[in-house]
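Subject: Model for your review

Hello,

Here is the model I said I would pass on. Please look through it when you have time; my notes follow.

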Amino acid sequence: MTTNHQDDQESDVTSGATVWLTGLPSAGKTTIAYELAGRLRAEGRRVEVLDGDEIREFVSAGLGFSREDRHTNVQRIGFVAELLARNGVTVLVPVIAPYADSRDAVRKRHEANGTPYLEIHVATPVEVCSVRDVKGLYAKQAAGELTGLTGVDDPYEEPETPDLRIESQNQTVQESAAAVHALLTERGLL
């Protein structure tokens with residue numbers, strides 16, 4: 001029996017998935033993503049975290065924070081995530097992505113390519129985020145040094161039907177990561 005090389009390659013590829021963690025600044029998205037990434041790597045899984053700050057520095061340098069620039073940034077991240085996920089990587093994307101239409105476009109790109117996509121809403125209230133303020137953004141906004149802060153003086157459109165909603169203020173980082181892990185398992189993505 002002869003097989004062609006392309007068939008052999010395709011049978012070796014395992015499906016990955018994109019897990020998009022959306023929420024306000026300082027909601028806990030990145031912390032949860034890195035906790036989950038460590039757990040998945042310990043299980044022998046191929047994982048990448050597409051950190052929003054790193055993407056802005058290396059892929060989306062030059063973009064501002066207008067609605068159009070934010071949409072472009074989210075689409076770039078979505079493209080890279082889908083490319084990795086369809087090649088067997090579990091891609092964790094802790095990125096605010098404040099606009100529903102931008103997130104929907106990313107989901108549609110994944111669906112068009114048959115690539116699994118999960119939207120996780122890290123639904124931490126702005127009052128909790130402003131206390132955490134890991135980057136000092138809320139303090140700068142309060143002092144008048146910053147405008148356009150998502151969820152304060154710039155819109156954040158909460159997902160209406162996320163695959164999972166996490167209230168990080170009510171559980172540990174490990175519990176939040178475990179909830180996402182359980183969802184991946186339940187959906188047959190692990």
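What is the mean pLDDT of the protein chain, and what share of its residues reach 70 or more? This is a predicted model, and its mean pLDDT is 91, with 93% of the residues at 70 or more. The part to set aside is residues 1–13, where pLDDT stays under 50. For that stretch the model has four contacts beyond four places in sequence. Where pLDDT is low, the predicted coordinates should not be read in detail.

On the fold: the protein chain contains eight helices and five strands. Their order along the sequence is α-β-α-β-α-α-β-α-β-α-α-β-α. The radius of gyration is 17 Å, close to the 16 Å that the globule rule gives for 190 residues, so the chain is as compact as a globular protein of that length. Along the principal axes, the C-alpha atoms fill a box of roughly 70 × 35 × 30 Å.

Among contacts with a separation of 6 or more, 76% are between residues 24 or more positions apart.

Regards

Note on methods: Residues are numbered from 1 along each chain as its sequence is written. This is a predicted model: local features need pLDDT of at least 70, side-chain atom pairs count only at pLDDT 80 or more; totals for chains, interfaces and linings use all residues. Side-chain values use heavy atoms; hydrogens and water are left out. Helices (H or I, at least four residues) and strands (E, at least two) are DSSP runs, numbered from the N terminus. The radius of gyration is taken over C-alpha atoms; the globule rule is 2.2 Å times the number of residues to the power 0.38. Contact means heavy atoms within 4.5 Å. pLDDT is the predictor's confidence in each residue, from 0 to 100.
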